Amino acid sequence: MDVKFAKEGNTLIVLIEGEIDHHTASRARARIDSKFLMEPVKNMVMDLSRVTFMDSAGIGLILGRMNRVNSVGGKMTLRKPKPEISKILKMSKIESIVELDA
Amino acid sequence: MQPINRMKTEFLSKSSNEAFARVVAASFVAQADPSIDVLADIRTAVSEAVTNAIVHGYDDTEGIVTMECLLYSDHVEIIIEDFGKGIKDIAQAKTPLFTTRPDLERSGMGFTVMETFMDSLEVESEPGKGTKIRMTKQLEYR
Ligand SMILES: Nc1ncnc2c1ncn2[C@@H]1O[C@H](COP(=O)(O)OP(=O)(O)OP(=O)(O)O)[C@@H](O)[C@H]1O
Ligand SMILES: [Mg+2]
């Protein structure tokens, strides 16, 4: 798994590539959180268009980041999940708490 | 009923084996030529059960996890077992959003995922002895 960053105004774009499971999520979490602290940003867009697999560790990763973003008054958006991972996103009802940008 | 084919593997409770286990299970089941969706569901459910063995069963200490796959003409049975700390209250553990490790950002959705993505789920567990998860999935064909 790889995590890439970009900035658009006061929004941090987080591009995740590959598979999100318990093994990969802990490293992604550390990288995303330190970037979000370092950059002068308020909102986060998590681009899921290149995520090929995700289990419940991904739900934890998304909700954990959402809580951080919300705690500084920012907004969290998920962008373009592939059909492979939309089943677990629907099941976890994440779509009703986090904004989805298909 | 006799399975058409069967495999069993064991590995250490290392988080890098989560990907190994789901790839192995999916490649074994792939010989029956099921739909892509069935394979994706199996991959996700195996990942949940193996992660639970590693994270909860062994609390990230070293132990052995076994995975057995039995292939029948119309379904597959997957058994994942650890010999770790076990579950005191299985009904409570299966409740959506219940987790004993919120500190690790676990969401408490693992059992719900296994139940939703597979056709059946049975949990046998004894505190101090370990946990055995038995799941089945109907194989629909393309
Ligand atoms: N193999 C196991 N050994 C010991 N306890 C387990 C095992 N599997 C599950 N549990 C217990 O059951 C609870 C619920 O498991 P479940 O997979 O549903 O959620 P989780 O692992 O806590 O979170 P998530 O899977 O969403 O990351 C766990 O928090 C843990 O207490
Ligand atoms: Mg779990």
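**Notes on a two-chain model**

User: Val38(B) to start with: does that count as buried or exposed?

Analyst: Val38(B) counts as buried, because its relative accessibility is 1%, under the 20% cut-off for that class. Please keep in mind that this is a predicted model.

User: Where does Val38(B) sit, and what is Val38(B) in contact with beyond its neighbours within four places in sequence?

Analyst: Val38(B) belongs to helix H2 of chain B, and once those sequence neighbours are left aside, its contacts are Lys137(B), Gln138(B), Leu139(B) and Glu140(B). Gln138(B) is 100 residues away from Val38(B) along the chain, yet 8.2 Å separates their C-alpha atoms.

User: Moving to H4(B), why is that helix described as largely enclosed?

Analyst: H4(B) is described that way because 6 of its 8 residues are buried. The buried residues are Gly110(B), Phe111(B), Thr112(B), Val113(B), Met114(B) and Phe117(B).

User: And what do those buried residues pack against?

Analyst: They pack against elements of both chains, namely H2 and H3 of chain A, and, in chain B, H2, H3, strand E4 (120–126) and strand E5 (130–138). One of the buried residues, Phe117(B), also has a charged residue over its ring, since Lys87(A) lies over the face of Phe117(B) at 4.5 Å from the ring centre, within the 6 Å limit for such a placement.

User: Which other ring has a charge over its face?

Analyst: Phe53(A) has Arg22(B) over its face, at 4.1 Å from the ring centre.

User: OK, H3(A) next. Which of its residues are buried, and what covers them?

Analyst: The buried residues of H3(A) are Ile85(A), Ser86(A), Ile88(A), Leu89(A) and Met91(A). Their cover includes, from chain A, strand E3 (43–54), helix H2 (56–71) and strand E4 (76–79), and, from chain B, helix H2 (36–57) and H4.

User: Which chain B residue other than glycine has a positive phi?

Analyst: Leu97(B) has one, with phi near 75 degrees. Leu97(B) lies in the loop between helix H3 (90–94) and helix H4 (110–117) of chain B, and with a relative accessibility of 61% it is classed as exposed.

User: Now aromatics: how many pairs are there over all chains, and which rings are involved?

Analyst: The count over all chains comes to 1 aromatic pair. Phe11(B) and Phe20(B) form it, with 5.9 Å from centre to centre and 80 degrees between the planes, and the pair is classed as edge-to-face because the angle is over 60 degrees. As for burial, Phe11(B) is buried, with 6% relative accessible area, whereas Phe20(B) is partly exposed at 37%.

Notes. Residues are numbered from 1 along each chain as its sequence is written. Chains are lettered from A and ligands numbered from 1 in the order in which they are written. This is a predicted model: local features need pLDDT of at least 70, side-chain atom pairs count only at pLDDT 80 or more; totals for chains, interfaces and linings use all residues. Side-chain values use heavy atoms; hydrogens and water are left out. Rings of Phe, Tyr and Trp (its six-membered ring) pair if their centres lie within 6.5 Å; planes under 30 degrees apart count as stacked, over 60 as edge-to-face and the rest as tilted. Buried means under 20% relative accessible area, exposed over 50%, partly exposed in between (1.4 Å probe, protein chains only). A charge sits over a ring if NZ of Lys or CZ of Arg is within 6 Å of the ring centre and within 35 degrees of the ring normal. Helices (H or I, at least four residues) and strands (E, at least two) are DSSP runs, numbered from the N terminus. Contact means heavy atoms within 4.5 Å.
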